[in-house]
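The sequence and structure come first.

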Amino acid sequence: MDLLDSRILSALQQDGQISMARLSEKVGLSLSACHRRVKMMEANGMIEGYAARLDRKKVGLELQIFIEIKLVSQQRENIQAFEDAISHMPEVLECHLISGEFDYLMRVAARNTDAYEKLYRNRLSEIPSVAQMKTLLGVSTVKEFRGYHLD
């Protein structure tokens, strides 16, 4: 990846609907060269896709919750059981294997406390490999992810 690729990716992270003509103008390339680079980055998986960025609260997801998860053990079966269960829960926006006191950190969005309680009681707490969960309620977002810093 060179400087031009970084500029293209930064521009696409800011506006995934930017026209190819505008993108090429913004990064200082001809239309065909810019188009070729974008297609190459799509083909090699550097660009995984394009999506709309939604306002969580405006679509009715009032709560943002972070959950620290500790498994009963680090055995492969427990890790696999947990990861399989989480992969089928659309409410779980992100799940990261972490180091430290807990094994995983998840980010969840829920309409309200009742919806989160239902997820917690009926799905998360039912995963047999989970030993402990610690819920952290997001009060406000100071800075939200808007793309990777590539400079």
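## Overall form

The chain has a radius of gyration of 20 Å, whereas a compact globule of 151 residues would have one near 15 Å; the radius is taken over C-alpha atoms, and the globule rule is 2.2 Å times the number of residues to the power 0.38. Along the principal axes, the C-alpha atoms fill a box of roughly 55 × 35 × 25 Å.

The model is predicted: local features need pLDDT of at least 70 and side-chain atom pairs count only at pLDDT 80 or more, while totals for chains, interfaces and linings use all residues. Residues are numbered from 1 along each chain as its sequence is written, and side-chain values use heavy atoms, with hydrogens and water left out.

## Secondary structure and burial

Five helices and four strands make up the secondary structure of the chain, in the sequence order α-α-α-β-α-β-β-α-β. Helices (H or I, at least four residues) and strands (E, at least two) are DSSP runs, numbered from the N terminus.

Of the 151 residues, 30% are buried (under 20% relative accessible area; exposed is over 50%, partly exposed in between, with a 1.4 Å probe and protein chains only). The chain exposes about 10400 Å², 52% of it supplied by carbon and sulfur atoms (Shrake-Rupley method, 1.4 Å probe). Among contacts (heavy atoms within 4.5 Å) between residues at least 6 apart in sequence, 63% join residues at least 24 apart.

The largest pocket has a volume of about 1600 Å³. Of its 38 lining residues, A52, R53, F145, R146 and G147 are the closest to its centre. A pocket is an open set of points on a 1 Å grid over the protein atoms alone, where a 1.4 Å probe fits, with protein on both sides within 12 Å along at least five of seven lines; lining residues have an atom within 4 Å of a point. Points are joined across faces, edges and corners, and the volume is the space filled by probe spheres set on them. α1 (3-14), β1 (63-71), β2 (92-97) and β3 (104-110) each supply at least two lining residues. The lining divides into 18 nonpolar, nine polar and 11 charged residues (Ala, Val, Leu, Ile, Met, Phe, Trp, Tyr, Cys and Pro are nonpolar, Asp, Glu, Lys and Arg charged, the others, Gly among them, polar).

The second largest pocket has a volume of about 200 Å³. Its lining includes S10, Q13, Q14 and D151, and divides into three nonpolar, five polar and four charged residues.

## G100

G100 lies in the loop between β2 and β3 and is exposed, at 65% relative accessible area. Its C-alpha atom is separated by 32 Å from that of L54, 46 residues away along the chain.
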